[in-house]
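Subject: Structure handover

Hello,

I am handing this structure over to you. Please open it first, then read the notes below.

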Amino acid sequence: MKEISLVIIGGGSAGLAAAVGAYDEGVKDILIIERSPYLGGILNQCIHNGFGLTEFKEELSGPEFADRFIKQAQERNIPYVLESTVLEVTKDKVVTYTSAKEGVVKIQAKAIIMAAGCYERSAGAIGIPGDRPAGVLTAGQAQLLLNQYGYMVGKRVFILGSGDIGLIMARRLTLEGAKVLGVAEIMPYSNGLNRNMVQCLEDYNIPLYLSHTVSRVYGKERVEKIEISKVDERMRPIKGTEMTFDVDTLILSIGLIPNNTLLNNIGIPTGRSRGCAVDNHYESEFEGFFACGNVLHVHDLVDNVVAESREAGKYAARYIQGQLEKKQDRIHVSAGDGIGYVVPEYVALDGSKTTAFKFRVRKPSKNVYITYTLNGNVIKKVFKPVIIPSEMEIMNIPSELLGEGKGELSVSLVQKEEN
Amino acid sequence: MEERDLICIVCPRGCHLHVDKDLNVTGNFCPRGAAYGKQEVTNPTRVITSTVRIENALLPLCPVRSNGAIPKGKLFEAMKEIDKISLKAPVKIGDVVIHDLVGSGVDLIATRDMPVVK
Amino acid sequence: MKHVIIIGAGAVGSFIARSLSRYQLDVLVLEKENDVGDVTSMANSAIAHSGYDPVPGTKKAYFNVRGNRMMPQVTEELDVPFMQCGTLTVAIEDQQLPMLKELLERSKENDVPAQILSANEVRAMEPNINPEVKGALLCPTGGIVNPFLLTCNAMENAMDNGVELKLNEEVVSIEKVDDHFKVTTKNGVYESKVVINAAGLYSDKIAAMVEDIDWSIRPRKGEYYVLDHFEWNFVNHVLFPLPSEKGKGILVTMTTSGNYLVGPSSEWVDDKDDVSTDSLTLANVKEQAKMLVPNIPFQHQIRVYSGNRATPSTHDFIIENSKKYPEFINVAGIESPGLVSSPAIGEYVAKELVGKLLPLEEKKDYNPRVRKHLRTIELSDEERKALIAKNPDYGHMICQCERVSLGEIEDVLSRSVPINSIKAIKKRTRAGFGRCQGGFCQPIITMLLAQKKGIDVTKVAYGKKDSYIVDHKVTKGEN
């Protein structure tokens, strides 16, 4: 069996940045395993711009952003394999992958970084009512078909879900000649970034129907029409509010789910984000297994993915070097009122000046405090005039506030009292 | 000029801008927001991204973008121009694909390395 | 002139074709859909019922029990996943216990092994069952089968033995001319001595083309949830509630691929082609299923689907010669337990009905087996390595969720039954059946299918003939 210090599963932005982070920390015996015929992952099909403002202080397209990291990895001669699929990861850190070129390869790793990204929630997962014809696609499928293969999925399109990829595809399909008749969002607020609401919908006069969902799909072979309805507070369609649209395509942008099956299969505990429950070193409950990027929790900005993944790489390197002990004492972090999830799930004090907490709120709120409560005592309150679920929050909390690094920390949203 | 409330699209932060009739911008987090606010009410512009047909590469299309913003009203005209051309691999990131896209003074550049694949 | 034309390539038509392919007969199968087994045979509970439930003495009882006994050999020959995991029919309330006794008696009459288990025994076997369980009827010969491959491979085997299949051939009229039938489809005219009507939901319409009939087929819809693989043995048996007039009730079962099915509902519908789903019906399915297994993890839902049972007005399978023309054979109303019955129906129709009309001489080179499927997911590392060394395409993974390689997709494309759609590939290989539902692999398979079949990408169908996936190629650089 081959022995490699660090195996990274996934060669997209997270995997590449993790590799760079580990390499720069001194671990050079790395292998990145990527399933596509190229590195860079999903960024390659995200041909729109807006990537890299934090990381490079430039506004790049997805392929350009990916290229920067591909080159960073290549400059360091970090080894990678393409068109290779990981079949299994064992608790003993044996990684098995398969490819046409190499057949079956087994590697004994010292540490593993999971960086396999996420997948899109499907029509079946939410059970869209009505017929199940062709022409119901996820935004990512439509994006791949259009931007990499050169095929338009339809002429008249409706979009369910206001996730960013859906909004971006609304613009993209419009520019390529399709008529996008509208976007329905089941929540009373948009799930995409504000800038995408403006430059993808408003610019092209595409209506957004908030608190609406697709209540029926019609079509025996291909989509013929769809019906949308307003929903009540329990998200059930309200009778009498139906509107129909004659479309040949329904595109779904209804959420992303961490693609964490390989680690789920060996029983690594997961957190509320559906990725691994990790500590502040991105290490899971299984020693030497790290996770970062969208497989850990779904990000809205790749700049945050690479920053997180570099850290994960750094800590994986320290683990390999014997400099990252699992401490007995640690704080368990939980999502309190109004908070969807928090990463990390555990904090083990390590001398760092600050500790980063990443989370999403459950609904848009104004004039609130994000309140950190450690063992019953409020240790920090951060005022936010506006906070929305579609934007992940990152807050760096001074580690000195975390006391002895034991007990329970809850992050919650508290409405500021009006004077 | 009329007063307008805008959402800044310069970066994903999405600041809520207010532009008054003297083109004073408030609500911006950074100077780029102020510039955007002024621009948006006087001469709105957008970066355009698309693809161009390419031969002898791994994929049939090469992604491209305008190397700067072009007038918003010229987006569809730009698409027509973009869709006319085709490339041959190899193409490098940053290669200029169209000079002076729709007379905007902005170039269209390739955004992915496309080596020759047989 | 053919000896036999079979109308319909569902499970029943395919098994009749397979049984006839033993003999020196020219057999043609006409199917109106774009693939075999694309209607009721595709959208059902995928259960190989033991036969404890049908009324003794009925055709349902006979063919179910016989079919169940044939299942181990048939699935071995046709290389179809089959697991004889047993079924449990569960009593949740005390007053249901006498019904278990009735079912036990019925099982004995049908010659089906069965026993009544105590509540404790049931709880020991099924840790996730409703703890209020009062007892259950265990039928160890019941099981689960892959319904897609059962039908596809029966037809493949028939074709390997000389049967001809034509897809997208909808029969519009049938005429008796002298000693034979003229069967007219939307595309052409075919002639044969014997016609077998195995047209499923439409078998009444087909029968009515040759004579007045006093029976009809009414579609009865069943809606289901599919859950992803989340753990093996969440349930260990097929779990049924006690049957009622509306059928066998909402069941909870694993599938042969480790998914879980919850359903079906039972609603009469007017349109035979209506396989839409409905939120309220599915919500009701969920509620009823919770009576059996309270904590089904519906967060693992990956799909909903529905299928229509071909429910006959006669309450029993119709397997008989037509009154007017003995050479016209109706095989109709094959609702549940139709899937498990189909091998037995095929055998009976060939030997007993066709055999009385045409001489049955066995082919010398008849082979009951299909070419083995190589499923990389079932291979050891060493076997996989050896296979990839021979054909590297088995190392090229296309569907990441279900672990399906290019080699496996190429294999089904090289088999006798033509592959015309993404769904045809999905049914045979499981590519696209996983948690992302083809999110990643469907565009890749679309391009692959166009390339392998030498057709334009815009002609690639998802399922039915005109269910195109992409609308048009973007015009770029063409002038």
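Start with chain A. Its domain assignment gives three domains. Domain 1 of chain A comes in two stretches, 2-119 and 257-326. Domain 2 covers 122-254, and domain 3 covers 335-415. Please keep in mind that this is a predicted model.

**Within chain A**

How far apart do the C-alpha centres of domain 1 and domain 2 of chain A lie? They lie 31 Å apart. Four residues of domain 1 of chain A are in contact with seven residues of domain 2 of chain A. On the domain 1 side, that contact is made up of one nonpolar, two polar and one charged residues.

**Chain A with chain C**

Here 40 residues of chain A are in contact with 45 residues of chain C. Several elements of chain A give two or more residues to this side. The strands are E6 (84-89), E7 (94-99), E8 (103-114), E9 (118-120) and E11 (151-152). The helices are H3 (123-126) and H4 (139-149). Which element gives the most? H4(A) does, with five residues. By class, the side of chain A that touches chain C has 14 nonpolar, 14 polar and 12 charged residues.

Strands also pair across the two chains. E11(A) is joined by two bridges to strand E23 of chain C, residues 472-473. The two strands run antiparallel. To find the spot, look for Tyr151(A), which stands opposite Lys473(C) in E23(C).

**Chain A with chain B**

Chain A touches chain B as well. In this case 24 residues of chain A are in contact with 23 residues of chain B. The elements of chain A that give two or more residues are strand E3 (49-51), helix H2 (62-75), H4 and helix H6 (194-201). H6(A) gives the most to this side, with five residues. The residues on the chain A side divide into 10 nonpolar, nine polar and five charged.

**Chain B itself**

Chain B has its own domain assignment. Domain 1 of chain B is 4-42, and domain 2 of chain B is 49-110. Their C-alpha centres lie 28 Å apart.

Over to you.

Best wishes

Notes
Residues are numbered from 1 along each chain as its sequence is written. Chains are lettered from A and ligands numbered from 1 in the order in which they are written. This is a predicted model: local features need pLDDT of at least 70, side-chain atom pairs count only at pLDDT 80 or more; totals for chains, interfaces and linings use all residues. Domain bounds come from an automatic or database domain assignment. Two residues are in contact if their C-beta atoms, placed from the backbone, lie within 7 Å. Ala, Val, Leu, Ile, Met, Phe, Trp, Tyr, Cys and Pro count as nonpolar, Asp, Glu, Lys and Arg as charged, and the others, Gly among them, as polar. Helices (H or I, at least four residues) and strands (E, at least two) are DSSP runs, numbered from the N terminus. Two strands pair if DSSP finds at least two bridges between them.
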